[in-house]
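Have the viewer open as you read.

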Amino acid sequence: MLAQRTNLFGSSGTAAARAAAKAAADAGKEIIDLTAGEIWSDLAPTIRDGAIEAINKGINRYTDTIGMIELRDALARKVSLDTGHVWKAEEVAVTTGAKQALFNAAMVLLNPGEEIIIPAPYWTTFPAQVQIAGGTPIFVDTRSNGHVPRIASIKAAVTDRTRAIVINTPSNPTGAVYDVQTLMGIAELAINHNLWIIFDECYGDFVHGHQAHHPIVSVVPEVRSRTVMVNAFSKCLALTGWRIGYLAGPKEVINAVKSLQSHTTSNPNVIAQHAVLAHLQRGDGSYESTLRSQLASARQIGLNVLSSLARIPVPAAQGGFYFYLDLSDLLRPTSGKAVSTNADDIVNSLLSEAGVATVSGTAFGDPLGLRLSYGVPADKLEAGLRRLVELLNAWE
Ligand code: PLP
């Protein structure tokens with residue numbers, strides 16, 4: 001018999017979609033996989049060199065639980081540059097990816113029974129972690145407002161049990177980038193209701209068109225004492241497998257995270273820490289800008305193909321590397337026909353009939369959404385989206 005806690009979470013919806021794509025490919029089907037939450041790219045040379053140098057030096061021991069002080073110093077400098085305010089190493093903890101940073105935050109900030117506001121559609125892990133930590137996720141729908149929450153909707157969701165709000169900008173899955181006005185409204189609410197802000201900016205490097213990414217602590221510096229910023233190198237350096245993330249926040253939070261992490265995973269992988277440190281010391285930004293251009297061009301290719309969709313609006317795709325499609329019109333019941341009920345049916349047809357793997361919005365609390373990743377090679381992206389458009393335009 002397993003613990004009751006296991007009822008609170010299933011396997012992540014995105015991992016399940018990846019597994020379905022792999023199973024179809026293993027069965028011999030030619031699959032174009034648009035499920036990935038990662039970017040197809042070579043390794044940054046500075047990362048590779050930093051790791052090899054560390055191995056050649058024979059480095060093999062534990063580091064400080066929340067990361068080597070040199071790396072925390074370098075990260076504090078990065079956060080200072082990103083936010084325009086001075087941060088110190090004691091306000092930064094290195095983690096095994098952003099996922100652990102978020103889990104740490106949930107565990108050290110939440111009491112059992114407290115509520116956390118999460119704008120929906122949401123990244124599938126946010127509510128799962130809140131529940132594991134004993135909290136209750138409260139969702140605020142953003143679909144009628146360009147996938148950015150209305151301040152009035154957040155306000156209506158606040159109760160005397162509310163402890164925090166999760167902000168993810170640019171958002172996975174929707175790609176929405178929060179504007180300054182919204183961030184100001186959220187900051188004011190957090191101050192008035194004494195809430196923590198968990199600010200996930202893992203996709204902050206990828207904003208498109210006229211959009212700009214704004215750390216909430218830059219917009220309203222007064223919220224710094226109640227904000228935990230979460231970031232990682234998984235997306236911005238196409239480094240998902242190396243598992244280096246970090247959180248930046250008040251010293252008391254970092255100290256609690258240090259104790260927690262000392263009982264869970266200890267330090268993040270030492271070779272990966274050295275690799276990221278080498279990159280922060282020697283990287284000249286060219287790798288990042290190549291990655292950004294690659295994504296900008298993939299986004300344009302994708303939007304061109306998606307503009308032929310007959311009954312689905314072209315997605316805004318403001319940030320990150322996802323197209324998020326609104327399938328409402330397609331899934332509207334039509335008279336006399338057996339109708340699909342949610343995006344799962346479309347995902348299944350795309351996989352079995354068109355050989356295109358996608359992620360259903362049900363993984364993100366939105367049965368009418370569909371997420372497509374464009375972090376894949378351009379030829380695959382174009383071919384996959386063409387097949388998708390053909391199938392969806394013929395959908396009855
Ligand atoms: N936060 C968001 C919004 C994500 O989309 C992801 C990964 O997809 C993560 C955090 C986790 O990132 P990491 O791989 O660094 O743990």
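Which polar side-chain atom lies 2.6 Å from a nitrogen atom of the ligand? That atom belongs to Asp200. Before going further, keep in mind that this is a predicted model, where local features need pLDDT of at least 70, side-chain atom pairs count only at pLDDT 80 or more, and totals for chains, interfaces and linings use all residues. Numbering starts from 1 along each chain as its sequence is written, and side-chain values use heavy atoms, with hydrogens and water left out.

Arg243 puts a polar side-chain atom 2.8 Å from an oxygen atom of the ligand, while Lys99 uses a backbone N or O atom, 2.9 Å from an oxygen atom of the ligand. On its own the ligand would expose 400 Å², and the protein buries 92% of that (accessible areas by the Shrake-Rupley method with a 1.4 Å probe; for residues, only the protein chains shown count as cover).

Now the shell. The ligand is surrounded by 14 residues, and the closest are Asn172, Asp200, Tyr203, Ser234 and Lys235; to be near, a residue needs a heavy atom within 4 Å. Helix α4 (residues 97-109) gives the most to this shell, with four residues. Helices here are DSSP runs of H or I with at least four residues, strands are runs of E with at least two, and both are numbered from the N terminus.

Pro173 sits in the loop between β5 (162-168) and α7 (180-192). The peptide bond from Ala120 to Pro121 is cis too, with omega near 0°, and Pro121 is in the loop between β3 (115-120) and α5 (125-132).

Finally, look at the open sheet of three strands, ordered β9-β12-β11 with antiparallel pairing; strands pair if DSSP finds at least two bridges between them. Its edge strands, β9 (322-326) and β11 (359-360), each pair on one side only. Five bridges join β9 to β12 (residues 369-373), and Leu325 has Leu370 in β12 as its bridge partner. In the loop between α11 (286-306) and β9 you'll find Ala317, a residue other than glycine with a positive phi, near 45°.

Definitions and conventions:
A polar contact is a pair of N or O atoms within 3.5 Å; within protein, one must be able to donate a hydrogen and the other to accept it, and residues adjacent in sequence count only if both atoms are side-chain atoms.
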